[in-house]
Amino acid sequence: MSDDSGGSSHSDAIRAISFSADGILLASAGDDKLVKIWKTDSWRCIRTITSEKRVSAVAISKDGLYVTFADKFGVIWLVTLGEDGEGQVSADNKPVSIFGHYCSIITSMKFSPDGRFIATADRDFKIRVTVFPKNPLKGAPEIQSFCLGHTEFVSCIAFTHLSGGSSFLLSGGGDSTVRLWDYINGCLLDTCHVKGKVGELAEPNETEDSNLAVADICLTNDGLLAAVAIQSLNGVMLLGCDHVDKKLSFLKVITMENSYIPTSLASSSSADLLWTVMGASNMPNQAASQLLTRVRIIPRFKKDLLASSDHSPAILEDSEVPYGEKLLLALQGSLDISKQEEVLASVLAALKVSMHKMLVKKNYSEERREQRKRGRNDKKIKK
C-alpha cells in the first residue's frame, strides 16, 4: 500500500477500519491520531486527516461521500470526500464535529444499509441511532432512538441487510449478551446469553467470576446467520436471526485449535467465506518474524451451513486460503504454526490486556483527576 496523500504513515496501533458499501474506499484509523482514506483498486492512500485525539471508530457513508470517525472523548467528526474530474479527493475541508457521546469512548460505529442512520455504541452501555441528513454539515443531527439494555460496555454492532424494506441491529457487549433491536424505535426484540451457551468451552478460570465479552459480530448477506467472536472462546458461535419472529436462536459453536481465539470477523460475500483473525500489535520483546497474527477461514458461511450435517464445517487449510502463502506470510510472519504456540499464548495475553485498557474505566483519585485536568488545560493554553 502506497501513500500519495502527502501525510504521515500510520505509526501506532490501528484501532478501526471500514470499507465503503461499494468496496471502492477503505478508511483506517488508530492511536497515531491519523485517519487515512485508501482507494482499493490501487491500494493508494488518497487522503490523510489528522485528529486532535486518538481515534476509536471509523465509518464511510452509504453513498461514499462522507467519512465519520470518533475520538477517545466520544466526539463524532465528519469529513467530506469531494472528487474533481480526475478522481482526486479534495483536501480543502477539515473535520467537523457533528455530535458526541460526552466523554464516553465510542466502541463501534456503523451506517444503516439504506444510509439513513448512523449507529454509535459506547462503553457506557448505550447505543445511539442518529438520523444522517442529506447535508450533514447543516443543522444538528436528529436523534432517532437510544437502544438501552446492555449492563456492560457495548463492544460491537452490526446491521442486518434490508429485507422487505426493513432491517435490524445486532449488538454484543461485556455483559455476555448478543441483542436484537428494532433500532428505529429503540426496542429490544430478543437477547441471547452467550455465557450459558459456551461457558464450558471457554478457557479455564475465565467464566467463574467474570462475563465473557462479545468481541465481534459478522452477518451473512441475507442477515439470517450471525457469527459471534467471544472472549476466551477458541472458535465462533453461530446464531440464527429470524426476521419474521424477530428472534435469535443458538445454532452451534465451531471450535478451532487451542490458543486460537478470534477477535475480528469479516465475510466475503462473493465466496461465502467467514474470515476470522486473532492478532496483536506492539508486543514487547518479540522479533518481527514471529507470529503476531493468525488467520482461519470457515467456508460456506450462509444459512444452510449446518443443514447437511451435524458436524462442524471444515476449516480451510493454509494451502486453501485465497491468495495463498503470500498473504499468510505477510499477516502471520511464518507458516510453521506448530512452532508458534508460545507466541500465540503471548498474543492472547496481550489481547486481554488491550481489551481491559480500552473498555474498562479507570478510577482515578480526586487529586489525580485534578492533575490530569490541569495538564490538559496547560496544553490548550500553550496552543
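## Overview

The protein chain holds four helices and 24 strands; helices (H or I, at least four residues) and strands (E, at least two) are DSSP runs, numbered from the N terminus. This is a predicted model, in which local features need pLDDT of at least 70 and side-chain atom pairs count only at pLDDT 80 or more, while totals for chains, interfaces and linings use all residues. Residues are numbered from 1 along each chain as its sequence is written, and side-chain values use heavy atoms, with hydrogens and water left out.

Of the 383 residues in the protein chain, 47% are buried (buried is under 20% relative accessible area, exposed over 50%, partly exposed in between, with a 1.4 Å probe and protein chains only). Among contacts (heavy atoms within 4.5 Å) between residues at least 6 apart in sequence, 49% join residues at least 24 apart.

The mean pLDDT of the chain is 81, and 74% of its residues reach 70 or more; pLDDT is the predictor's confidence in each residue, from 0 to 100. Over residues 84-91 pLDDT stays under 50, and the model has eleven contacts beyond four places in sequence for them. Where pLDDT is low, the predicted coordinates should not be read in detail.

## A four-stranded sheet

Four strands form an open sheet in the order E14-E15-E16-E17, with antiparallel pairing; two strands pair if DSSP finds at least two bridges between them. E14 and E17 are the edge strands, each pairing on one side only. E14 and E15 run antiparallel and are joined by five bridges, among them the one that pairs Phe-159 with Leu-169 in E15.

| Strand | Residues |
|---|---|
| E14 | 154-159 |
| E15 | 169-173 |
| E17 | 187-193 |

Strand E14 contains Ser-155, which is buried at a relative accessible area of 11%. Its side chain reaches the backbone oxygen of Val-214 at 2.3 Å. Leaving out residues up to four places away in sequence, Ser-155 touches Thr-107, Ser-108, Gly-172, Gly-173, Val-214 and Ala-215.

## Helix H2

Helix H2 spans residues 324-332, and its buried residues are Gly-324, Leu-328 and Gln-332. Seen down the axis of H2, these fall within an arc of 25°, so they line one face of the helix; the arc is that of the directions from the helix axis to the C-beta atoms. An α-helix has 3.6 residues a turn, so residues three or four places apart point the same way. Lys-326 and Ala-330, on the other side of H2, are exposed. The cover over the buried residues of H2 includes strand E24 (293-298).

How values were computed: A polar contact is a pair of N or O atoms within 3.5 Å; within protein, one must be able to donate a hydrogen and the other to accept it, and residues adjacent in sequence count only if both atoms are side-chain atoms.
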